[in-house]
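Please consult the sequence and structure shown here.

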Amino acid sequence: RVLKEHKSSVYGVDVTPDGTLALSASSDSTLKLWNLRKGIVIRTLKGHTDEVLDCAITSDGKYCVSGSIDNYMIIWSLTTGEFVKRQKLRSSVYGCAINSKVALVASHSWAETQ
């Protein structure tokens with residue numbers, strides 16, 4: 001099945017451990033949370049001002065992190081769609097990861113240090 005809702009290219013995707021939800025990061029500046037069984041968008045996450053390059057979901061499926069060309073890394077609640085923390089970095093965020101307790105978030109960018 002092809003899932004179509006973004007208005008532009010998709011750069012990153014992550015799936016919850018139980019395989020029921022997916023999160024996609026797009027150059028349209030949004031993330032979309034998908035119900036994979038139904039093939040529909042549950043929620044659109046808006047908060048970045050430029051292309052979203054990567055995303056990662058916690059192992060419990062409650063939170064995610066996203067990184068963007070806008071130099072921000074955002075931690076989101078997938079339950080509410082609201083952001084929990086928004087951190088400005090020195091340069092674009094090309095990759096990100098998050099642990100299950102939202103205690104550790106990592107990013108990768110072209111800046112010398114973050």
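This is a predicted model: local features need pLDDT of at least 70, side-chain atom pairs count only at pLDDT 80 or more; totals for chains, interfaces and linings use all residues.

Q: Why is Val10 called partly exposed?
A: Val10 has a relative accessibility of 41%. Buried means under 20% relative accessible area, exposed means over 50%, and partly exposed lies in between (1.4 Å probe, protein chains only). Val10 therefore counts as partly exposed. This residue is found in strand E1 (residues 10-15); strands are DSSP runs of E with at least two residues, numbered from the N terminus.

Q: Why is Ser27 called buried?
A: Its relative accessible area is 15%, and buried means under 20%, so Ser27 is buried. Ser27 lies in the loop between strand E2 (21-26) and strand E3 (30-35).

Q: What makes the pairing of the Ser27 and Ser8 side chains a polar contact?
A: The distance is 2.6 Å. A polar contact is a pair of N or O atoms within 3.5 Å; within protein, one must be able to donate a hydrogen and the other to accept it, and residues adjacent in sequence count only if both atoms are side-chain atoms.

Q: Which residues does Leu45 contact, leaving aside neighbours within four places in sequence?
A: With contact meaning heavy atoms within 4.5 Å, the partners of Leu45 include Leu23, Leu31 and Trp76.

Technical notes: Residues are numbered from 1 along each chain as its sequence is written. Side-chain values use heavy atoms; hydrogens and water are left out. Helices (H or I, at least four residues) and strands (E, at least two) are DSSP runs, numbered from the N terminus.
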